[in-house]
Amino acid sequence: MTFPARAGIITLFLLAGSPGAAQGTGGVFGPVVNDGHRSLQYRLAYEFDSHLLAHRFDYQRALNGDLMLRGIVQTRETAASGADPDFFQGELFWQLPDVSRRWQHGLRFDVRIRTEGRPATLGVHWTNQFEFGSGWRARFVVLTTTDVGDGARSGVALQTRAGLSRAAGERLRLGIEMYSAYGAIDAVPSLDAQRHQVGPTLEARLGKDWRVYSGVLFGVTNATASAEARLRLGRTF
């Protein structure tokens with residue numbers, strides 16, 4: 001077995017065997033849609049302060065070289081309860097024409113149905129990917145969401161996600177990611193009341209069809225959880 005495969009498997013077991021393991025199962029997603037793509041993915045996340053554990057299952061399928069659909073089911077649990085449904089989500093990815101040879105971008109449209117009488121959410125997001133030499137890649141995503149239905153909060157919420165990574169051989173990619181939630185656009189709170197997280201990531205290809213991702217995020221403001229761990233395991237068809 002190659003070193004990247006061993007590294008991915010070791011990381012998988014370390015995270016899966018932690019004392020629980022974050023409600024933040026989202027990622028710094030890219031804009032690229034490959035015609036014929038089909039994949040399944042399992043995501044696990046654990047927040048160390050609240051001990052909340054989330055499980056997420058994704059299925060995605062490209063409609064053509066520009067459009068892709070994804071369906072998501074997520075559950076959550078604590079030490080005192082079993083896995084309860086958290087939300088169901090449908091997404092449409094739309095890759096836009098490349099800005100330049102090294103800059104690709106696209107849009108994603110979301111509909112999320114949440115459980116326990118919470119309002120649904122609608123989202124429109126703009127994602128960008130920049131390819132540099134020597135295996136370097138950067139991504140930057142702007143996310144906007146709004147509540148709909150009973151109990152909906154007013155206004156449009158703004159988030160950003162960013163990632164910088166570098167290939168380390170043919171099967172391994174190391175990086176760093178940052179997630180920021182600013183609150184409502186028309187009433188942005190003070191910096192310390194916003195949620196900002198940053199931390200390292202590791203991605204590895206395990207054979208031809210399997211991929212593993214792991215990462216740890218650390219809070220940098222008082223409103224943010226001190227740390228959370230993330231794991232994803234995916235298979236393409």
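**Exercise 1.** Which side chain does a polar contact of 2.6 Å join to that of Thr224? Describe the surroundings of Thr224 in this predicted model.

*Solution.*
Step 1. The partner is Thr221: a polar contact of 2.6 Å links the side chains of Thr221 and Thr224.
Step 2. Thr224 belongs to the loop between β11 (210–219) and β12 (227–236).
Step 3. The relative accessibility of Thr224 is 10%. Buried means under 20%, and therefore Thr224 counts as buried.
Step 4. With neighbours within four places in sequence left aside, Thr224 has contacts with Gln194, Arg195, His196, Gln197 and Gly219.

**Exercise 2.** Determine how strand β9 is paired.

*Solution.*
Step 1. Strand β9 (residues 172–184) runs antiparallel to strand β8 (residues 157–167), and eleven bridges join the two. Within this pairing, Leu174 in β9 stands opposite Arg166.
Step 2. The hairpin of β8 and β9 has four residues between the strands, and Gly169 there takes a positive phi near 95°.
Step 3. Strand β10 (residues 195–206) is also antiparallel to β9, with ten bridges between them. Here Ser180 stands opposite His196 in β10.

**Exercise 3.** Identify the largest nonpolar core and the elements that give two or more residues to it.

*Solution.*
Step 1. The largest nonpolar core consists of eleven residues, including Val28, Phe29, Val141, Leu143, Tyr213 and Leu217.
Step 2. Two or more of the core residues come from each of β7 (136–148) and β11.
Step 3. Another core, of nine residues, lies apart from this one; among its members are Leu44, Leu202, Leu206 and Leu231.
Step 4. As a general rule, nonpolar side chains in soluble globular proteins tend to be buried together.

Methods:
Residues numbered from 1 in each chain as written. Predicted model: local features only at pLDDT ≥ 70, side-chain atom pairs only at ≥ 80, totals over all residues. Heavy atoms only, no water. Buried < 20%, exposed > 50% of the residue type's maximum accessible area, 1.4 Å probe, protein only. Polar contact = N/O pair within 3.5 Å; in protein donor to acceptor, adjacent residues only side chain to side chain. Contact = heavy atoms within 4.5 Å. Core = buried A, V, L, I, M, F, W, Y, C linked by side-chain atoms within 4.5 Å. Pairing = 2+ DSSP bridges.
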